[in-house]
Amino acid sequence: MSMDEFVNTLSDEQKQALIKALSGQVVEEEEEEVSEDFTMNKPSGKIQSQRRRESVRAKENSWTDTGEHRDVETPEKAQTPRNRPKPKKKQVKCHACGKTSTVNASLVYGEYYRCDRCTGR
Ligand SMILES: [Zn+2]
């Protein structure tokens, strides 16, 4: 299929879309101009306008307080039973000061336990 035949198969809308797509690509290529020494030649005015110093200022608050949804009620349901087992405690003797204390078993390991006072702080 030649290019002319291809274009003839397109509807007017498709042609417009094609022109738009092609022209869009050309514009993108023009924005970034790379010269022989690989320096970028961007339109300087555009960059300056982007980097312009601006004082920080609060914009107008568009939020409005419409109040609570007081018509919505929390449904009365049975509470989920709290049946997590109690933490396992363990009697430990401080390796440094000899003080005995009861601590959560999952936090203690090894033979040389040090109590809270004796861990370097
Ligand atoms: Zn200690």
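Of the five residues of strand E1 (residues 89–93), how many are buried? The number is zero, so E1 lies largely in the open. A residue is buried if 20 or more other C-beta atoms lie within 10 Å of its own, exposed if 12 or fewer, and partly exposed in between, with C-beta atoms placed from the backbone.

Before going on, note that this is a predicted model, in which local features need pLDDT of at least 70, side-chain atom pairs count only at pLDDT 80 or more, and totals for chains, interfaces and linings use all residues. Residues are numbered from 1 along each chain as its sequence is written.

**Whole chain.** Select everything. The protein has three helices and two strands, in the order α-α-α-β-β from the N terminus. Helices (H or I, at least four residues) and strands (E, at least two) are DSSP runs, numbered from the N terminus. Of the 121 residues, 0% count as buried.

Strands pair if DSSP finds at least two bridges between them. Pick Lys 90 in the viewer; its bridge partner in E2 is Val 103. E1 and E2 form a hairpin with six residues between them, and Gly 98 in the turn has a positive phi of about 80 degrees.

**Loop.** Next, select Phe 38, in the loop between helix H2 (12–31) and helix H3 (44–51). Phe 38 is not a glycine, yet has a positive phi of about 65 degrees. Most residues other than glycine have a negative phi. Phe 38 counts as exposed because it has 6 C-beta neighbours inside 10 Å.
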